Amino acid sequence: MVDTIQKSVTVLGATGSVGQSTLDLISRNRNKFNVLALTAYSRVEELAKAAISFNAQLAVIGDESKLGTLKALLAGTGVEAAAGDEALIEAAARPSDIVMAAIVGAAGLRPTMAAVRRGATVALANKECLVCAGDLLMAEVAEHGATLLPVDSEHNAIYQVFDFGAAKAVDRLILTASGGPFLGRSRHDLLDVTPAQAVAHPNWDMGAKISVDSATMMNKGLEVIEAFHLFPVSKDQIEVLVHPQSVIHSMVEYQDGSVLAQLGSPDMRTPIAYSLAWPERMEAPVKRLSLAEIGSLTFQAPDYEAFRCLALAKEALDAGGAAPAVLNAANEVAVGGFLSGQIGFMDIPALVEETLAQIDMKAPQSLTNVFEIDQEARRLAGLQLESRKK
Ligand code: NAD
Ligand code: MG
């Protein structure tokens, strides 16, 4: 029997790691989902191919110089082609049931906000949105009755075990961290690591930027800020625990001593499937967890000295105001500089710290303010980058 009720899905960042996993799940469940719009930044052939194969209404390429190519690839298919920032926003604003927000970085903020403002169900992978505009985004979610479903595996885990009806009984959120490819190394041992080593994550297959963030542990820092905005807890109730096997995806501790966790194989298709099917569940083609095969799970406290980015993110959350947006922008510049071989791995925390120290701006009251802070932080981080070039 074929279900007649389908949910329509828009995927922002369809050519990325999360975007591709989302399309993989949709392709296995064509009776449950149809695709409304797909977006990408530069991979125009992949975008066009996906738009045709999913029979999308609209395909948007961020890079405007590729509009001609996109139009040529889509000619005669009936799929609309568009390009540029406004078109990305327009894709998110079209009335799909679900928007998968899987653009990387602050670039995803305006499209994600457009989906929130029409009260959509937003599956949020793009954690940088909450880091640079958490208060604003959550206020708009409440105002427009949008539903925000966390896709990030830790936050998805917490979402699954967080009792929103008894939030006051929650004592702690325990965010687990794999520790990344350089777990156990000292500051000194990290000086010469290469981009290729940094993006080779032991457990997860992800985009380049988040892979470097995992290697510096900035990713976990961004996730602490993300958790603060997603769940009704205070800053000091969020803890980070290194758990190299990535089997326990995070935990919630209650005042009676109960600790609830969500476990599974490290495969993003589990939290993505959860978000697509919510409030129901759907089948996901992931390796089933065999604890007997894994044998033992281990845990340790994070090393805040070697992985200074984690401490910087926590400090930015404590400082509040513009600091989280500055942290995010400076980190995006630093990671870009590291990936292109311009600076070393340990320049990443140094550059972020320097930029944070140089900016004293007020908390953003609007998206315009967020982008003013973002631009100023990128400008100063760019100067830092120049002075640190190898
Ligand atoms: P990725 O680099 O593989 O893909 C990023 C996508 O965003 C691509 O489709 C790209 O075309 C698009 N994009 C990049 N810059 C853009 C711009 N300026 N304008 C419009 N589109 C742009 O990244 P990813 O690993 O899929 O991660 C996406 C987001 O999900 C990130 O915020 C990341 O932190 C988060 N996330 C990813 C994973 C994972 O397993 N990959 C896990 C948790 C959270
Ligand atoms: Mg995560």
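How many of the residues of α10 are buried?

1. In α10, 13 of 13 residues are buried, a residue being buried if 20 or more other C-beta atoms, placed from the backbone, lie within 10 Å of its own. The helix covers residues 218-230 and spans 18 Å from its first C-alpha to its last, close to the expected 18 Å, which is 1.5 Å times one less than its number of residues. Helices (H or I, at least four residues) and strands (E, at least two) are DSSP runs numbered from the N terminus.

2. This is a predicted model, in which local features need pLDDT of at least 70 and side-chain atom pairs count only at pLDDT 80 or more, while totals for chains, interfaces and linings use all residues. Residues are numbered from 1 along each chain as its sequence is written, and chains are lettered from A and ligands numbered from 1 in the order in which they are written.

3. Strand β10 (residues 248-254) pairs with β8 (residues 170-177) in the antiparallel sense over four bridges; pairing requires at least two DSSP bridges between two strands. Within this pair, Leu173 has Val252 as its bridge partner. β10 also pairs with β11 (residues 259-263), again antiparallel, over five bridges, and here Met251 is partnered by Ala261. Four residues lie between the strands of the β10 and β11 hairpin, where Gly257 takes a positive phi near 95°.

4. Among the 26 residues around ligand 1, Gly13, Gly16, Ala107, Met206 and Gly207 come nearest; a residue is near if its C-beta atom, placed from the backbone, lies within 6 Å of the molecule. Helix α1 (17-27) gives the most to this shell, with three residues.

Note on methods:
Buried ≥ 20, exposed ≤ 12 C-beta atoms within 10 Å, placed from the backbone.
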